[in-house]
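Below are some notes for a colleague who is opening this structure for the first time.

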Amino acid sequence: MKVLKISIGAWQNASRDKRELSVAQELGADVVVIAKGEQTGHEDVVDGFRVLRCSTRPVKWMPISLNRVLSIFTWAAFSKKQNADIISGHDYIALLIGWLSNVGKRHKAKLIYDSHEFELGRNAARSKFHCWCIYQIEHFLIKRCEFSIMVNDIIADEVQRIYRLQERPVVVRNIAQYWELDQNQINAAREMFCKRLHAPQNAFLVMYHGGVTFNRGIEKLLHAMTAVPDAYVVILGNGEKAYVNSLHALCESLHLTERVLFYPAVPLNELRNYVAAANVGVVLSDPANPNGVYSLPNKFFENIQSMTPLIANDFPTMAQLIDQYQIGLKVEPANEGELSKAIERMKSDQTLYAACKENLKRAKEDLCWEKEKAVLVQAYSRVL
């Protein structure tokens, strides 16, 4: 059996996709990925997966917006040539490409929708017409899938309700594999952070890690840090130059330049030791739209696997796990003062901090990919 994963991105740090496809490989499937690249047909290998590149600009002189529409059909034609038995779509556009690649085929590939987001709630800036189009496309496609995968129970329930699905989507959370930690490497990463910040080795480090972009609460974190003068921030990740420059400007205006370190993204297999080098990790998802409120992102579980206590917005999915395992503090998303107090409390309340560290041991054992993947193994076994 051949499984084809379609991702319209570059497929570099696609940790969720890689975990999903590793299950298909374990069950004996031949896995191929189609992802964005400069030249259609170029092939490379990424973390053990064969990746075929496809251009999103098939006609160079054509405007970008028209190229995006045309590329849906050129990608579908390219996907059709792969003669896959199963096609997994990274999002609704990738799923649409997979469905189009089935048109005219006698033996059609089975479709799987691996939705990384709550698509209808992703962006409050979308027009009503845009949302209506997404609803129609997703509604049409999701009912033609063998099964769908959502990232948490709340989103699965919402999607089932909105589209009146007979079968509830499979819930596979963005949980990292069980991470073995290397204390020597953790110490080295911490020493490097402190050296770059000109901070003492016992400095209190607050870390945001992930994509450095809008609506991730980074500005909120920086404002909150003005009320915690003896703590430091590490922002670990990459972002667009203009946005990163705006964060540097904000740091300067808040007189935080000497207490904030911007550090580029690191390979996934090294990430654990960098995250573990921080005293606390923050997950401040955007409250402006349902997708942010319902989110349960990779970084939440990566902090758990790194044994790093959490401060997160008081949203249902994250709050439930923080309360269940007692591994951090919750804050109201609109309250910077509350975030400042939470950081200060984590820094000064040694009893609380020690309890969070101890409770992370159980959370780390329970919330790992080795246990989470069981439901995906069962779902894939039905179609392979």
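1. Two strands count as paired if DSSP finds at least two bridges between them. In this predicted model, strand S2 (residues 30-36) and strand S4 (residues 49-54) meet that condition, with five bridges in the parallel sense. One place to look is Lys36, whose bridge partner in S4 is Cys54.

2. S2 and S4 belong to an open sheet of eight strands, with mixed pairing. Read across the sheet, the order is S3-S4-S2-S1-S5-S6-S7-S8. Strand S3 (43-46) and strand S8 (170-171) are the edge strands, and each of them pairs on one side only.

3. Which helix packs on this sheet? Helix H3 (residues 92-102) does, and it touches strand S1 (2-6), strand S5 (86-89) and strand S6 (110-114). The direction of H3 makes about 175° with that of S6.

4. H3 also has a helix as a partner. Its axis and that of helix H4 (residues 128-142) come within 10 Å and cross at roughly 50°, so the two helices are oblique to each other. The crossing of H3 and H4 is left-handed.

5. Which residues make the contact between H3 and H4? From H3 come Tyr92, Leu95, Leu96 and Trp99, and they meet His130, Ile134, Ile137, Phe140 and Leu141 in H4. By class, this contact has eight nonpolar residues, one polar residue and no charged residues.

6. A further parallel pair is formed by strand S10 (residues 231-236) and strand S11 (residues 260-263), over four bridges. Leu236 has Tyr263 in S11 as its bridge partner. Together with helix H8 (residues 241-253), S10 and S11 make a right-handed β-α-β unit.

7. The last pair of helices is H7 (residues 218-225) and H13 (residues 336-348). Their axes come within 8 Å and cross at roughly 65°. Angles of 65 to 115 degrees count as roughly perpendicular, and H7 is therefore roughly perpendicular to H13. The crossing of H7 and H13 is right-handed.

8. In the contact of H7 with H13, the residues on the H7 side are Lys220, Leu221, His223, Ala224 and Met225. They meet Glu336, Leu339, Ser340 and Ile343 in H13. By class, the contact of H7 with H13 has five nonpolar, two polar and two charged residues, whereas the contact of H3 with H4 has no charged residues.

Conventions. Residues are numbered from 1 along each chain as its sequence is written. This is a predicted model: local features need pLDDT of at least 70, side-chain atom pairs count only at pLDDT 80 or more; totals for chains, interfaces and linings use all residues. Side-chain values use heavy atoms; hydrogens and water are left out. Axes are lines fitted to C-alpha atoms, for helices over the stretch in contact, and angles run from 0 to 180 degrees between N-to-C directions. Angles under 35 degrees count as roughly parallel, over 145 as roughly antiparallel, 65 to 115 as roughly perpendicular and the rest as oblique. A crossing is left-handed if the near helix is turned anticlockwise from the far one by less than a right angle, and right-handed if clockwise. Contact means heavy atoms within 4.5 Å. Ala, Val, Leu, Ile, Met, Phe, Trp, Tyr, Cys and Pro count as nonpolar, Asp, Glu, Lys and Arg as charged, and the others, Gly among them, as polar. A crossover is right-handed if, with the strands pointing away from the viewer, the path from the first strand over the helix to the second runs clockwise.
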